[in-house]
Amino acid sequence: MVVPIELIDTKVERLSRLAPEDVVPATEEILPPTETATPLPPLVDGFGRRMNYMRISVTDRCNFRCTYCMPAEGVPWKPRGEILTYEELLRLVHVGTRLGIDQIRITGGEPTVRRNVVDFIRELAKIPGVRDLSMTTNGLLLPHLAQPLYEAGLRRINVSIDTLQPEKFREVTRTGNLEHVMNGVRAAIAVGMNPVKINAVIMRGVNDEDVPALAQLTVDLGVDMRYIEYMPIGVSWEECEKHLVTGREMRERIRAAGMELEPVPPDYPEEPARYWRIKGARGRIGFITTLSEPFCATCNRIRLTADGKLRPCLNCEDEVDLKSVLRGGGSDDDLIAVFREAARRKWAGHQLRQHATAANRVMSQIGG
Ligand code: SAM
Ligand code: SF4
């Protein structure tokens, strides 16, 4: 449900407008790990799926309050001491690469509000086993950060934009400024990030009318446009179902607007999005159909929360605590055992219909 902007508690607005230095842990000097990596047998779950993709949430803080992601009043931030330091994260990535994790996506909360995120990206990009490094962001700080992030080694970026109508954008994000975010997208394109992908969560009665206009970005800006089905994380299945628009319906809306779509292959077989292209467009149109056409059978992902838990699936509360092993003086072998335990706990499917209300975290605390 979209909350009218005038009803938002002023304290929430104030909080969400905090400058980055107010909402990030104290400055950290980043020292890369010293151990030499020896490859190990890959990380494989109980269903034979190989996990080579880790989404790392670097903060649970955010400067937006998107209606589909967190409540209007926000969620209590984890104390700073509970958030993994960059050194801890780098050590975990080193360990992960020994298990064959070669794709890393940085997310949040909003990753760009964490201080020194550019330095962190620079260190990540140096890790030899990291073949693919990307970030998911709300884009607000990209006008300033696109260039330094690119220079630090980030080449791929996803920006969340759910509508091209400024007023509606503000309602959905509860605080966001569309113009700043669009400037961020243009900055990312201008510095040479490729691909730049736009993510939109489509909700009936909120932004389902905006589907064709967003598709036009693949022509006008040459970006990839990805539509995400609304997921019941932190809300009930019944509430989610009211707003759910399937990928199929979104494609019908695009075609009904006179845009002809032709299917195109994904970047790699395990990619959750299925892609189409408007004839002649540079960018592609992707659909992440978690609920209507789940892609769990080919899932290659594991998630690391900002407070140091390995989460086997987006919707699985059966997390394994990496932080206590890290901070308890655990060896790399101990950490590897935690990775393998998380893989063992991975479900066959997301169970979002069965366990929608049981989620112990809202999306911003997981990382999407
Ligand atoms: N703050 C960054 C952003 O918004 O891109 C990164 C974190 S956000 C949690 C990651 C992704 O999760 C975003 O693309 C967002 O649209 C998506 N997301 C959040 N809540 C969702 C929901 N209930 N259903 C589907 N996707 C959701
Ligand atoms: Fe923040 Fe991203 Fe969640 Fe929006 S979707 S509230 S920008 S974490």
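Author: Gladly! Two residues are in contact if their C-beta atoms, placed from the backbone, lie within 7 Å. Helices (H or I, at least four residues) and strands (E, at least two) are DSSP runs, numbered from the N terminus. This is a predicted model, in which local features need pLDDT of at least 70 and side-chain atom pairs count only at pLDDT 80 or more, while totals for chains, interfaces and linings use all residues. Residues are numbered from 1 along each chain as its sequence is written, and chains are lettered from A and ligands numbered from 1 in the order in which they are written.

Reader: How many helices and strands does the protein chain have?

Author: There are 14 helices and twelve strands. Of the 368 residues in the chain, 48% are buried. Contacts with a separation of 6 or more come to 77% from residues 24 or more positions apart.

Reader: What makes helix α3 count as enclosed by the rest of the structure?

Author: A residue is buried if 20 or more other C-beta atoms lie within 10 Å of its own, exposed if 12 or fewer, and partly exposed in between, with C-beta atoms placed from the backbone. Eleven of the 13 residues of α3 are buried, so the helix is largely enclosed. Among them are Tyr 86, Leu 89, Arg 91, His 94 and Arg 98. The cover over these buried residues includes β1 (53–57), β2 (103–107), α4 (117–126), β10 (301–304), α12 (322–327) and α13 (332–344).

Reader: Why are the buried residues of α5 said to line one face of the helix?

Author: In α5 (residues 142–152), Leu 142, Leu 145, Ala 146 and Leu 149 are buried. Seen down the axis, they fall within an arc of 120° and therefore line one face; the arc is that of the directions from the helix axis to the C-beta atoms. Their cover includes α4, β3, β4 (156–160) and α7 (178–191).

Reader: How many bridges join β11 to β12?

Author: Two, with the strands running antiparallel, and at least two is what pairing asks for, so they qualify. Lys 309 has Asp 321 as its bridge partner in β12. Elsewhere, four bridges join β6 (residues 224–229) to β9 (residues 285–288) in parallel, and three join β8 (residues 274–278) to β9 in antiparallel fashion. Gly 286 in β9 stands opposite Arg 226 and also opposite Tyr 275.

Reader: Is Val 320 buried or exposed?

Author: Buried: it has 21 other C-beta atoms within 10 Å, where the cut-off is 20 or more. Val 320 sits in strand β12 and touches Lys 309, Leu 310, Val 338, Glu 341, Ala 342 and Arg 345, leaving out residues up to four places away in sequence.

Reader: Last, the ligands. Which residues come nearest to ligand 1?

Author: A residue counts as near if its C-beta atom, placed from the backbone, lies within 6 Å. Of the 20 residues around ligand 1, Cys 69, Ser 160, Met 231, Met 363 and Gly 368 come nearest. Around ligand 2 there are 13, with Cys 62, Phe 64, Cys 66, Cys 69 and Asn 138 closest.

Reader: How do the residues of the shell around ligand 1 divide?

Author: Nine are nonpolar, ten polar and one charged. Ala, Val, Leu, Ile, Met, Phe, Trp, Tyr, Cys and Pro count as nonpolar, Asp, Glu, Lys and Arg as charged, and the others, Gly among them, as polar. The shell around ligand 2 has six nonpolar, five polar and two charged residues.
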